[in-house]
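These are my notebook entries on one chain. I set down what I looked up, entry by entry.

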Amino acid sequence: MTSGAAGTTRPVPWQRAPWQRVATGDDAVAVTATRALGTSARVAVWPPENLGAACAVTGDVLAALDLQASRFRPDSELSWLNEAGGGLFMLGDGLAEAVGVALAAARWTGGLTDPTVGAALVSLGYDRDFAAISQGGEPLGIPALAPVPAPGWPLVRLDGPLLRLPPGIRLDLGATAKGLGSDRAARAVMSATGAEGGVLVSLGGDIAVAGTPPRDGWPVAVAEEPDQAVPSQLVRLAAGAVATSSVSCRRWRRGGAVLHHIVDPRTGHPADGPWRTVTVAAATCADANAASTAAIVAGARAQDWLTTAGLPARLTGHDGRVRRLGGWPADDGAPVPVPRGSHVYPGGPR
């Protein structure tokens with residue numbers, strides 16, 4: 001599997017794309033791929049006879065998350081919240097968990113990730129599914145808008161399923177949603193298969209594994225560019241998760257400027273630090289997703305933040321130099337150490 005930047009071609013967001021079997025040359029493991037949540041999705045399982053059940057439950061999990069937390073579906077629960085103009089809301093269990101994870105990540109990262117960046121992304125032109133932006137190009141006559149700093153996650157209050165959202169705040173759960181989806185799907189596959197064997201779930205390169213891994217761990221190719229033919233590194237993941245954030249993908253033009261999707265909540269501008277790509281290992285994919293995004297936003301402080309958090313990480317600068325932290329292996333094929341404990345799920349990893 002690959003942890004890294006992903007492409008964007010996709011059918012209408014709420015239509016399920018079919019699963020396609022992927023040849024691996026290994027009869028002991030079955031792999032399949034599709035498109036979901038605006039990105040690539042892969043599932044790998046052993047024993048191979050678990051593949052049918054794994055595809056079915058993963059499809060259900062991702063369809064449910066899309067309906068709960070998509071910013072681009074007009075019929076999603078999140079879109080309804082964002083259009084309501086603030087107030088007190090009773091959320092469904094799925095969206096309540098997703099918002100809770102996003103707020104916990106914001107607290108943990110000191111606001112380097114912040115779910116109140118929705119208006120900032122809209123002002124930058126990221127106001128629809130990225131496939132529509134990348135295919136449509138820059139509309140003529142659309143000027144660059146003034147940056148919109150995030151109002152701040154502490155203004156959002158969540159008490160169980162009860163959400164208090166101030167007027168003017170638009171939520172975006174992009175810093176944690178893919179990781180949450182991978183975590184949910186991996187758990188669902190193990191439940192559906194009676195905890196037999198093991199599973200790897202990847203959403204756009206944000207990877208969660210569960211159950212018993214293949215011998216030496218699941219192979220994970222670390223990539224830094226969309227559709228990179230030769231991975232930058234191959235590592236092994238026996239447990240936990242790996243996620244990658246990159247400013248090399250999901251780029252578009254607005255007012256003559258090239259923008260990307262990782263926004264600094266403090267300024268409303270795309271993050272402009274020294275890192276092109278950051279890959280992080282953590283106990284859960286939501287943790288890894290939040291940490292890799294936070295590191296991009298942290299810029300020059302990223303290494304100190306990751307070290308304090310105790311997270312193994314691989315950072316690639318715009319100059320091409322690679323920094324490894326927290327025991328991230330230098331050699332191809334080496335195992336990635338995964339710390340215990342979650343900062344974003346109540347009670348730890350699920």
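**Entry 1: Cysteines and ground rules**

I looked for disulfides (a pair of cysteine sulfur atoms within 2.5 Å) and the structure holds 0. Cys 55 counts as buried because its relative accessibility is 12%. Cys 285 counts as buried because its relative accessibility is 0%.

I note that this is a predicted model, in which local features need pLDDT of at least 70 and side-chain atom pairs count only at pLDDT 80 or more, while totals for chains, interfaces and linings use all residues. Residues are numbered from 1 along each chain as its sequence is written, and side-chain values use heavy atoms, with hydrogens and water left out.

**Entry 2: The chain overall**

I looked up the predictor's confidence in each residue, pLDDT, which runs from 0 to 100. The chain averages 89, and 85% of the residues score at least 70. Over residues 6-13 the pLDDT is below 50, yet this stretch has 25 contacts (heavy atoms within 4.5 Å) in the model beyond near neighbours in sequence.

I recorded 8 helices and 18 strands in the chain; these are DSSP runs numbered from the N terminus, helices being H or I of at least four residues and strands E of at least two. Of the 350 residues, 55% are buried. Among contacts with a separation of 6 or more, 67% are between residues 24 or more positions apart.

**Entry 3: Helix α6**

The 16 residues should span 22 Å, and the end C-alpha atoms are 22 Å apart, so the two agree.

Which residues of α6 are buried? I found Gly 179, Leu 180, Gly 181, Ser 182, Asp 183, Arg 184, Ala 185, Ala 186, Val 189 and Met 190. Their cover includes the strands β4 (39-46), β8 (198-203) and β9 (206-211), together with the helices α1 (51-69), α3 (93-108) and α7 (285-298). Just after α6, Gly 194 takes a positive phi of about 70°.

**Entry 4: α1 against α6**

I next examined one helix pair. Two packed helices are described by the angle between their axes and the distance between the axes. The axes of α1 and α6 come within 9 Å and cross at roughly 145°; axes are lines fitted to C-alpha atoms, for helices over the stretch in contact, and angles run from 0 to 180 degrees between N-to-C directions. α1 passes α6 in a right-handed crossing, the near helix being turned clockwise from the far one by less than a right angle.

From α1, I listed Ala 54, Val 57, Thr 58, Val 61, Leu 62, Leu 65 and Gln 68 at the meeting with α6. The α6 residues they meet include Leu 180, Gly 181, Arg 184, Ala 185 and Val 189.

**Entry 5: Helix α7**

I applied the length check to α7, whose 14 residues reach 19 Å from first C-alpha to last, close to the 20 Å expected. Because 14 of the 14 residues are buried, α7 is largely enclosed by the rest of the structure. Just after α7, Gly 299 has a positive phi of about 65°.

Trp 46 is found in strand β4 and is partly exposed, with a relative accessible area of 28%. I noted that Trp 46 touches, among others, Val 29, Glu 196, Pro 213 and Trp 218, not counting residues up to four places away in sequence. The peptide bond from Trp 46 to Pro 47 is cis, with omega near -5°, and Pro 47 lies in the loop between β4 and α1.

Ser 202, in strand β8, is buried at a relative accessible area of 5%. Its C-alpha atom is separated by 9.5 Å from that of Asp 183, 19 residues apart along the chain.

I found a positive phi near 55° at Leu 37, a residue other than glycine. Leu 37 sits in the loop between β3 (30-36) and β4, and counts as partly exposed at 22% relative accessibility.

Is Asp 216 buried or exposed? Asp 216 is exposed, with a relative accessible area of 59%. Its phi is near 75°, also a positive value in a residue other than glycine, and its place is the loop between β9 and β10 (218-222).

Note on methods:
Buried < 20%, exposed > 50% of the residue type's maximum accessible area, 1.4 Å probe, protein only. Expected span 1.5 Å × (residues − 1).
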